[in-house]
Amino acid sequence: MKKFNQPLIISTLMVSAIASVVHADAVDVTWEINTGIKHDDTLTIAELDQVSEQSDVALTLQGEAKVKWQISDKLTLKSNLSYQVNDYQTYDTYDLNLAKVAFDLDYRLAGSTIGTSYYFVDAELNNDDFLQFSQNSVYWSKLYNQRYLLRFSTDYKRKEFANLTDRDATSFGVSNQHFFFFNQAKSFVSLNLNIDNENASDNQFDYRGLGVRALYSHSFVGWDHDQQIQFGWQFNKRDYEPTITEEQFSSNLESQRKDKSQVVDAQWIFEITPSWSLNTKVEYGNYDSTIESLNYDETVSSLSIKGTF
């Protein structure tokens, strides 16, 4: 696998340095740190179809740098670099570290926006190389009457495992996002629809996927502090490539893996000061599959504090 710390960190630093020198007045740099604790009642590694009956508590820490460069009145470049640590207290085999880099370049047309983005993740599991994931996207969006935002994108994704080359895969997908703002833009509802077609090195991991994500968000002032609440629902379905044994072929029976999941979540953000906020989140998921070992329920709850500078 290619190491994360070569081209991507260098390119992020170059963008930041060039932006600061060339257009210092048009550059916005933000730093974030987020630390907390979370409890997972069903430890899983979804990418490996690994589900356990154990539960554990993890200490979490994430640092992130964001750079927004207004190159011209119509052209904007955004980049961010982050590193996240999930340190489980009992089961070290589920410790997950994530290094992320993202770039987004958009151009405003007369009545809409077109853009392209790149997203890369380097994941370590139990301090060993695990997975690299990248996504290239091209998108178009349009805002109607300052209330309704429509966005279309096409996405090319690639997964590369350190020790499981059979699961290496590429996929092509399309997504359609809708945002409706109201209450003087303090509230919004969103709906995201996406379709993916993934091809793996081993055909048994090929699948066609459908996803739906709905979200309600509301910002308000309570107890003299800014606050935000969010409620979400997500549905995902995957139909895998059929696998046929000799016995099934002779009897015209076909075995096909199918997965479905529904996840609901609730989040509360409480702004302690203009720079610090408290974040509480609870997520419950129900997962069904034609593979018996992948039928399970999972609840993840977390509490964290975030600083923005």
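In which sense do β14 and strand β15 pair, and over how many bridges? The views below, all taken from a predicted model, begin with that pairing and then turn to charged pairs, a serine and a nonpolar patch.

**View 1. Strand β14 pairs with β15 and also with β13.** The pairing of β14 with strand β15, which spans residues 276-289, is antiparallel and runs over 13 bridges. The two strands are joined by a hairpin of four residues, and within the pairing Q267 stands opposite K281 of β15. Strand β13, residues 225-240, also pairs with β14, residues 258-271, in the antiparallel sense and over 13 bridges. In that pairing, F235 has Q262 of β14 as its bridge partner. In a regular strand, side chains alternate between the two faces of the sheet.

**View 2. E32 and K66 form a salt bridge.** The structure holds seven salt bridges, and one of them is shown here, with the closest N and O atoms of E32 and K66 lying 3.4 Å apart.

**View 3. D49, R167, R257 and D259 are linked in a network of salt bridges.** Side chains of opposite charge can pair when their charged atoms come close. D49 forms a salt bridge with R167, in which the closest N and O atoms are 3.3 Å apart. Because D49 lies in the loop between β2 (44-45) and β3 (50-51), whereas R167 lies in the loop between β9 (148-161) and β10 (169-182), this pair ties together parts of the chain that are 118 residues apart in sequence. R257 also forms a salt bridge with D49, and here the closest N and O atoms are 3.0 Å apart. R257 lies in the loop between α2 (246-250) and β14, and D49 in the loop between β2 and β3, so this pair ties together parts that are 208 residues apart in sequence. With a relative accessibility of 25%, D49 counts as partly exposed, whereas R167, at 17%, counts as buried, and R257, at 13%, counts as buried too.

**View 4. S134 lies in strand β8.** This strand covers residues 128-144, and S134, at 13% relative accessibility, counts as buried because the value is under 20%. Leaving aside neighbours within four places in sequence, S134 is in contact with Y118, Y119 and F120, and also with Y156, K157 and R158.

**View 5. A nonpolar patch on the surface has about 1000 Å² of accessible area.** The patch is formed by V29, W31, I33, I37, L59, L61, I272, W276, L278, L303, I305 and F309, and the area is that of these residues together. At least two residues of the patch come from each of β1, β4, β15 and β16 (296-308), and β1 gives the most, with four residues. F309, another member of the patch, lies in the segment after β16.

Note on methods: Residues numbered from 1 in each chain as written. Predicted model: local features only at pLDDT ≥ 70, side-chain atom pairs only at ≥ 80, totals over all residues. Heavy atoms only, no water. Pairing = 2+ DSSP bridges. Salt bridge = Lys/Arg side-chain N within 4 Å of Asp/Glu carboxyl O. Buried < 20%, exposed > 50% of the residue type's maximum accessible area, 1.4 Å probe, protein only. Contact = heavy atoms within 4.5 Å. Patch = residues over 30% accessible without salt bridge, like charges linked within 9 Å, V, L, I, M, F, W, Y side chains within 5 Å. Areas by Shrake-Rupley, 256 points an atom, 1.4 Å probe, with all protein chains shown as cover.
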